[in-house]
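Biologist: Before I plan anything around this protein, I would like to go through its structure with you, one question at a time. Please show me the sequence and the structure.

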Amino acid sequence: MGMTDTVLLVALGVLAPVFGVLVFTLNSMARVSFSLLASLVCVGGVTAVLGLPYLGVVIVLMMVMEMVIMAVFMIAYMMNPAGLMPMSMLHNKRGALAVSGAVFAALVAGIFLVPWPDRTASRPRDTTFLVGSALMTEQMLTMVILGFVLLATMVGATVLATHRGRYDRFGDDLDQRPAEDPAGGGVGR
């Protein structure tokens, strides 16, 4: 690993938990969403720097879309104005502190107590190619089906969320002129 990679690894490794702590210290859902996004983008960057660029990019793309959608929906549908009203992300502070402290201690103990295996083979040259090959050979059918299921889910959700069709404002026989919006406030009113 070169000097640039080391600097990036240290910087992203420090920024990820900093943004993670901000998730629990900021006081609005919108700010919390973007802080979580920044933390997860740093995690994707660490993954890419450690030699798995494909997985790093996938993490970044998934998290960007997920957090932006979450922030948009919170801003659009929360009762407080734009999800920016002060609030607290901390609930059951003592219990959460006890559980998180115990989990952290167990993970740190696991790092030092587990007998780590020695590397028996040399590191592969192109990890991106190997991940792509694994997905596109044995798992190709799974990926294609998953793509169609996700597309059908998005289209179905959109159809179910829309209470009227494109031409409803023209009436049953499409002869109503001027067009009248069934939701009210249309041109014909």
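Biologist: Which residues does serine 39 touch, not counting residues up to four places away in sequence?

Modeller: The model is a predicted one, and in it serine 39 is found in helix α2. Setting aside residues up to four places away in sequence, the residues that serine 39 touches are Ala16, Phe19 and Gly20.

Biologist: Is serine 39 buried or exposed?

Modeller: A residue is called buried when its relative accessible area is under 20%. The relative accessibility of serine 39 is 9%, so this residue counts as buried.

Biologist: With which residues is cysteine 42 in contact, leaving aside its neighbours within four places in sequence?

Modeller: Cysteine 42 belongs to the largest nonpolar core, which has 5 residues in all. Leaving aside neighbours within four places in sequence, the contacts of cysteine 42 are Leu12, Leu15, Ala16 and Phe19.

Biologist: How far apart are the C-alpha atoms of glycine 13 and glycine 45?

Modeller: Glycine 13 lies in helix α1, where, leaving aside its neighbours within four places in sequence, glycine 13 is in contact with Leu8 and Val46. Along the chain, glycine 13 and glycine 45 are 32 residues apart, while the separation of their C-alpha atoms is 8.9 Å.

Biologist: Is α2 roughly parallel or antiparallel to α3?

Modeller: The two helices, α2 and helix α3 (residues 53-77), have axes 8 Å apart and pack at an angle of about 175°. Angles over 145 degrees are classed as roughly antiparallel, and therefore α2 is, relative to α3, roughly antiparallel.

Biologist: How many charged residues does the contact of α2 with α3 have?

Modeller: On the α2 side, the residues making the contact include Phe34, Leu37, Gly44 and Thr47, and on the α3 side they include Leu55, Ile59, Met63 and Met67. Sorted by class, this contact has 19 nonpolar and 5 polar residues, and the number of charged residues is none.

Biologist: Why does threonine 47 count as buried?

Modeller: Threonine 47 is found in helix α2 (residues 29-49), and, leaving aside neighbours within four places in sequence, threonine 47 is in contact with Leu52, Leu55, Gly56 and Ile59. The cut-off for a buried residue is under 20%. Threonine 47 therefore counts as buried because its relative accessibility is 17%.

Biologist: How many helices does the protein chain have?

Modeller: Read along the sequence, the pattern of the protein chain is α-α-α-α-α-α. There are 0 strands in the protein chain, and the number of helices is 6.

Biologist: In which helix is confidence lowest?

Modeller: Over the protein chain the mean pLDDT is 81, with 81% of the residues reaching 70 or more. Confidence is highest in helix α4 (residues 93-113), at a mean of 92, whereas the lowest, at a mean of 78, is in helix α5 (residues 127-136).

How values were computed. Residues are numbered from 1 along each chain as its sequence is written. This is a predicted model: local features need pLDDT of at least 70, side-chain atom pairs count only at pLDDT 80 or more; totals for chains, interfaces and linings use all residues. Side-chain values use heavy atoms; hydrogens and water are left out. Helices (H or I, at least four residues) and strands (E, at least two) are DSSP runs, numbered from the N terminus. Buried means under 20% relative accessible area, exposed over 50%, partly exposed in between (1.4 Å probe, protein chains only). Contact means heavy atoms within 4.5 Å. pLDDT is the predictor's confidence in each residue, from 0 to 100. A nonpolar core is a set of buried Ala, Val, Leu, Ile, Met, Phe, Trp, Tyr and Cys residues joined through side-chain atoms within 4.5 Å. Axes are lines fitted to C-alpha atoms, for helices over the stretch in contact, and angles run from 0 to 180 degrees between N-to-C directions. Angles under 35 degrees count as roughly parallel, over 145 as roughly antiparallel, 65 to 115 as roughly perpendicular and the rest as oblique. Ala, Val, Leu, Ile, Met, Phe, Trp, Tyr, Cys and Pro count as nonpolar, Asp, Glu, Lys and Arg as charged, and the others, Gly among them, as polar.
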